[in-house]
Amino acid sequence: MEKASKKVLVVVDVQNDFISGALGTKEAQAIVPKVREKIQSFDGSVYFTMDTHGKDYLSTQEGRNLPVEHCIKGTWGWELDPQIEQVRQSTPIEKNTFGSKGLADVLKARNTYEGPLEEIQLIGVCTDICVISNALLLKAYMPEVKLTVDAACCAGVTPESHYRALEAMKACQIEIVNDGQ
């Protein structure tokens, strides 16, 4: 039996609505080739998250605060970007909020029962919402596991909020790489 890799890459919400759809940005579009390359070259396990909402999105707490329907399960906007779907290696973990307790549970169980993880690296969108939420959740669940965010493979709602999120994660002892600074 092959020993499980001690390194994990988490690809956060690289879905059509965040790339070129309802909440898409040119910054998100620009990172897709880098995300694809990172997935293909990563030496370890790769997990994917998908922001997942129902048709009742606008009546939810999030929908009342962000009244833009997005990532409605089964729609084109909910699907992973086609370039990412081509290299997807595992079943995505659906989440209906910013951070994924399901992802944290899976990785904590792996860290506990298969031996300590060496590193968890996060990439994806949006840096200032879902990437930071998942990074902080994972830090709370596994404070002794090295957490890294590859800034070159992340995009925020705006460039300014992307950089603010990177600074906040640095302050929480999450290593930021490729931030251009």
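Contact here means heavy atoms within 4.5 Å. The model is predicted, so local features need pLDDT of at least 70 and side-chain atom pairs count only at pLDDT 80 or more, while totals for chains, interfaces and linings use all residues. Residues are numbered from 1 along each chain as its sequence is written, and side-chain values use heavy atoms, with hydrogens and water left out.

**Nonpolar cores**

- A nonpolar core is a set of buried (under 20% relative accessible area, 1.4 Å probe, protein chains only) Ala, Val, Leu, Ile, Met, Phe, Trp, Tyr and Cys residues joined through side-chain atoms within 4.5 Å.
- The largest such core has 27 residues, and those with the most contacts inside it include Val-10, Leu-107 and Ile-120.
- Among the elements giving two or more residues to this core are strand 1 (7-12), helix 5 (101-113) and helix 6 (127-141); helices (H or I, at least four residues) and strands (E, at least two) are DSSP runs numbered from the N terminus.
- Helix 6 gives the most to this core, with five residues.
- A second, separate core of 24 residues includes Val-11, Phe-48, Cys-126 and Cys-153.

**Helix 5**

- Leaving aside neighbours within four places in sequence, Leu-107 is in contact with Val-8, Val-10, Tyr-47, Leu-117, Ile-120, Leu-138 and Met-142.
- The buried residues of helix 5 are Leu-103, Ala-104, Leu-107, Arg-110 and Asn-111.
- These residues cover an arc (of directions from the helix axis to the C-beta atoms) of only 130° around the axis, which puts them on the same side of helix 5.
- On the other side of helix 5, Lys-101 and Tyr-113 are exposed (over 50% relative accessible area).
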